Amino acid sequence: MAKTETLSGTKHTLVLENRERMDLSGVQEVSAFSDTAVSLKTACGALLIQGKGLNISRLNTDTGELHVDGEVTTLKYSKDKSKGTRFEGLFK
């Protein structure tokens, strides 16, 4: 099993059930959200979740846990190298 290096040293997990329910840990910040996209910063970098009918049903900023419901079509990670988010302007 390979060791995964995170950007902040915090553990990040993602569990996706039937592309309808997603639980995440290691969430540091939710940058933007709509019913078609959620942009967030995790311990492993920036994450963009795209889909239909997306809804954040639970967010705990103290523990870094997030639960998203809806049809997930895309998950895209990128390293967050700047203070601003790469996804600004995506949610107009």
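**View 1. The side chain of His12 reaches the backbone oxygen of Ser25 at 2.7 Å.** His12 is found in the segment before strand E1. A second polar contact of the His12 side chain is made with the side chain of Tyr77, at 2.6 Å. A polar contact is a pair of N or O atoms within 3.5 Å; within protein, one must be able to donate a hydrogen and the other to accept it, and residues adjacent in sequence count only if both atoms are side-chain atoms. The model is predicted: local features need pLDDT of at least 70, side-chain atom pairs count only at pLDDT 80 or more, and totals for chains, interfaces and linings use all residues. Residues are numbered from 1 along each chain as its sequence is written, and side-chain values use heavy atoms, with hydrogens and water left out. With a relative accessible area of 15%, His12 is buried (buried means under 20% relative accessible area, exposed over 50%, partly exposed in between; 1.4 Å probe, protein chains only). Apart from neighbours within four places in sequence, His12 is in contact with Leu24, Ser25, Gly26, Thr42, Ala43, Cys44 and Tyr77, where contact means heavy atoms within 4.5 Å.

**View 2. Six strands form an open sheet in the order E1-E2-E6-E5-E4-E3, with antiparallel pairing.** Helices (H or I, at least four residues) and strands (E, at least two) are DSSP runs, numbered from the N terminus. Two strands pair if DSSP finds at least two bridges between them. Strand E1 (13-17) and strand E3 (27-33) stand at the edges, each with a single partner strand, so one side of each is left without a neighbour in the sheet. On average, neighbouring strands of this sheet are turned by 35 degrees against each other, direction ignored. Axes are lines fitted to C-alpha atoms, for helices over the stretch in contact, and angles run from 0 to 180 degrees between N-to-C directions. The protein chain has zero helices and six strands, and along the sequence its pattern is β-β-β-β-β-β.

**View 3. E1 and strand E2 (residues 21-25) pair in the antiparallel sense over five bridges.** Thr13 has Ser25 in E2 as its bridge partner. The hairpin of E1 and E2 has three residues between the strands. Two residues of this loop, Asn18 and Arg19, have a positive phi although neither is a glycine. The value is about 50 degrees for Asn18 and about 55 degrees for Arg19. Most residues other than glycine have a negative phi. Asn18 counts as exposed at 61% relative accessibility, whereas Arg19 is partly exposed, with a relative accessible area of 45%.

**View 4. E2 also pairs with strand E6 (residues 65-78), in the antiparallel sense over four bridges.** Here Arg21 stands opposite Asp69 in E6. Elsewhere in the sheet, strand E4 (residues 37-42) and strand E5 (residues 45-60) pair in the antiparallel sense over six bridges. Thr42 has Gly45 in E5 as its bridge partner.

**View 5. The largest nonpolar core has eleven residues.** They are Met22, Leu24, Val27, Val38, Leu40, Leu47, Ile49, Leu54, Leu66, Val68 and Val72. E2, E4, E5 and E6 each supply at least two residues of this core. A nonpolar core is a set of buried Ala, Val, Leu, Ile, Met, Phe, Trp, Tyr and Cys residues joined through side-chain atoms within 4.5 Å. Leu40, one of the core residues, touches Val27, Glu29, Val30, Ser31, Gly45, Ala46, Leu47, Ile49 and Leu66, not counting residues up to four places away in sequence. Across the protein chain, buried residues make up 32% of the 92 residues.

**View 6. Gly64 lies in the loop between E5 and E6.** With a relative accessible area of 5%, Gly64 is buried. Leaving out residues up to four places away in sequence, Gly64 touches Leu24, Ser25, Gly26 and Val27. Gly64 and Glu29 are 35 residues apart in sequence and 8.2 Å apart in space, C-alpha to C-alpha. For the protein chain, among contacts between residues at least 6 apart in sequence, 46% join residues at least 24 apart.
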